[in-house]
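I opened the model to look up its fold, its cores and its charged pairs. My notes are in the order in which I took them.

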Amino acid sequence: MTLTVDEAEHGAWTVLSIRGELDLVSSPVVRRRVHDAVADGRRDVVLDLSQVLFCDSSGVGVLIASRRLLHSCRGRLRLILPARGAVEGSHVNRVLAALGVRRLFAVYADVASATREEDEQLSA
């Protein structure tokens, strides 16, 4: 299955919606899109992983590298990992939890919740 990445702007946030398999072959595409966003001056990025059907260690590596990159430029990274049932959760969620790195990420259920908090903080 091929990987597709769609980009949208939601207020201050750049949302990259990723669909397909995040693996050794496709992870460089996601890495490049995050780097391109940062190079364009965007510092707040949401990776919507709700349509990622498979993620291997290279995919996890890209997520960790993206977090590190955004942190280094005082940006923020948020992930969308919806729970598909309270027990199993999404595939990526399970992989991150199994590797013990899930706690490194700010995780939200959908684009609205991942991008809304910024708006509430600005109006407060």
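The entries below go from the whole chain to single residues.

**Basis.** I am working from a predicted model, in which local features need pLDDT of at least 70 and side-chain atom pairs count only at pLDDT 80 or more, while totals for chains, interfaces and linings use all residues. Residues are numbered from 1 along each chain as its sequence is written, and side-chain values use heavy atoms, with hydrogens and water left out.

**Fold.** I looked up the secondary structure and found 4 helices and 5 strands. Helices (H or I, at least four residues) and strands (E, at least two) are DSSP runs, numbered from the N terminus. Their order from the N terminus is β-β-α-β-α-β-α-β-α. I took contact as heavy atoms within 4.5 Å. Among contacts with a separation of 6 or more, 70% are between residues 24 or more positions apart.

**Surface.** The protein exposes about 6600 Å², and carbon and sulfur atoms supply 53% of that area. Accessible areas come from the Shrake-Rupley method with a 1.4 Å probe; for residues, only the protein chains shown count as cover. Of the 124 residues, 45% count as buried (under 20% relative accessible area; exposed is over 50%, partly exposed in between; 1.4 Å probe, protein chains only).

**Cores.** Which residues touch the most other members of the largest nonpolar core? They are Leu47, Leu49, Leu79 and Leu96, in a core of 27 residues. Two or more residues each come from β2 (13-22), α1 (27-39), β3 (44-55), α2 (57-72), β4 (76-80) and α3 (91-99). A nonpolar core here is a set of buried Ala, Val, Leu, Ile, Met, Phe, Trp, Tyr and Cys residues joined through side-chain atoms within 4.5 Å. I then listed the contacts of Leu49, leaving out residues up to four places away in sequence: Ile18, Leu63, Leu79, Ile80, Leu81 and Val92. Apart from this core lies another, of 7 residues, including Trp13, Val15, Val46 and Tyr108.

**Salt bridges.** I searched the whole structure and got 7 salt bridges (a side-chain nitrogen of Lys or Arg within 4 Å of a carboxyl oxygen of Asp or Glu).

- Glu9 pairs with Arg42, with the closest N and O atoms 3.2 Å apart. Glu9 is in strand β1 (residues 4-10) and Arg42 in the loop between α1 and β3, 33 residues apart. Glu9 is partly exposed at 45% relative accessibility, whereas Arg42 is buried at 18%.
- Arg76 pairs with Asp44, with the closest N and O atoms 3.1 Å apart. Arg76 lies in β4 and Asp44 in β3, so this pair ties together parts 32 residues apart in sequence. Arg76 is partly exposed at 27%, and Asp44 is buried at 13%.
- Asp36 pairs with Arg32, with the closest N and O atoms 3.2 Å apart. Both lie in helix α1, 4 residues apart, about one turn of the helix.

I also noted a network of salt bridges that links Glu7, Glu9, Arg33, Asp40 and Arg42.

**Thr14.** Not counting residues up to four places away in sequence, Thr14 touches Glu7, Ala8, Glu9, Arg42, Asp44, Val45 and Val46. The side chains of Thr14 and Glu9 are joined by a polar contact of 3.3 Å (a pair of N or O atoms within 3.5 Å; within protein, one must be able to donate a hydrogen and the other to accept it, and residues adjacent in sequence count only if both atoms are side-chain atoms).
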